[in-house]
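Please examine the structure below with its helices in mind.

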Amino acid sequence: MKNNAIWLCLLMSSTVFAAPEPPATQWPGVELTETSLFSNAGYRIKRFRSPTPPTHEQATVIDTQTLLRMLAKQPDLPLIDVRPADITNGIFIYSAPHLSLPDSVWLPNVGKGVLDNDTTDYYRKHLTRLTEGDKNNPVVLFCRADCWMSWNAAKRAANWGYTQLYWYRDGIDGWQEADKTLVSVTPTLLGQE
């Protein structure tokens with residue numbers, strides 16, 4: 001009888017003092033919920049290099065052949081590469097040549113999920129310059145295949161009122177797969193006009 005009482009006490013104490021279960025996101029093998037990948041404003045904030053949707057609610061999705069046709073009609077079509085770069089004291093730091101589409105403008109970090117004020121001003125200023133101040137002029141945004149940064153950049157530009165946005169979803173990977181030449185580009189500086 002005494003042994004049963006001890007077991008009963010142990011069983012009850014382990015139930016009463018059991019630690020609460022951790023949230024599902026802390027269990028091994030359990031993925032984060034989709035909403036945790038996005039900010040409240042709807043921008044992708046982490047795991048940028050992962051499959052992207054086939055469509056964009058605020059931009060026209062284009063492939064390489066469509067982009068080539070567009071460039072044949074409008075050779076000066078603004079092409080904006082949004083791939084990231086480290087920044088120190090207002091200077092972009094990168095260790096290897098940054099290969100991109102010919103005649104593209106590299107605006108690093110404007111596709112991140114959250115932008116500081118300087119990067120927001122930088123992106124706005126260069127969008128204005130590249131569209132000659134007309135939010136109805138076309139702009140092509142890209143990074144790499146399976147990269148959310150150009151998706152974010154298109155969403156952000158649309159939210160600022162730009163209407164002719166094209167998301168080149170396959171980016172430099174699609175360009176390269178079509179045997180098109182990539183060229184070394186340098187980032188447009190934060191204070192550069």
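A residue is called buried when its relative accessible area is under 20%, and exposed when that area is over 50%. The model considered here is predicted.

Q: Which residues of helix H3 are called buried?
A: The buried residues of H3 are Thr-119, Thr-120, Tyr-122, Tyr-123, His-126, Leu-127 and Leu-130. They cover an arc of only 160 degrees around the axis, so they lie on the same side of H3. On the other side, Asn-117 and Asp-118 are exposed.

Q: What do the buried residues of H3 pack against?
A: Their partners are S2, strand S4 (91-93), strand S6 (105-106), S7 and helix H4 (148-159).

Q: Why are the buried residues of H2 said to line one face of the helix?
A: The residues concerned are Thr-64, Leu-67, Met-70 and Leu-71. Seen down the axis of H2, they fall within an arc of 120 degrees, and therefore they line one face. Arg-69, Ala-72 and Lys-73 are exposed on the other side of H2.

Q: What makes Asp-63 a cap of H2?
A: A side-chain oxygen of Asp-63 lies 3.4 Å from the backbone nitrogen of Gln-65, at the N-terminal end of H2. The cut-off for a polar contact is 3.5 Å.

Q: Why is Pro-75 called exposed?
A: The relative accessibility of Pro-75 is 62%. The limit for exposed is over 50%, so the label applies.

Terms used. Residues are numbered from 1 along each chain as its sequence is written. This is a predicted model: local features need pLDDT of at least 70, side-chain atom pairs count only at pLDDT 80 or more; totals for chains, interfaces and linings use all residues. Side-chain values use heavy atoms; hydrogens and water are left out. Buried means under 20% relative accessible area, exposed over 50%, partly exposed in between (1.4 Å probe, protein chains only). Helices (H or I, at least four residues) and strands (E, at least two) are DSSP runs, numbered from the N terminus. The arc is that of the directions from the helix axis to the C-beta atoms. A polar contact is a pair of N or O atoms within 3.5 Å; within protein, one must be able to donate a hydrogen and the other to accept it, and residues adjacent in sequence count only if both atoms are side-chain atoms. Contact means heavy atoms within 4.5 Å.
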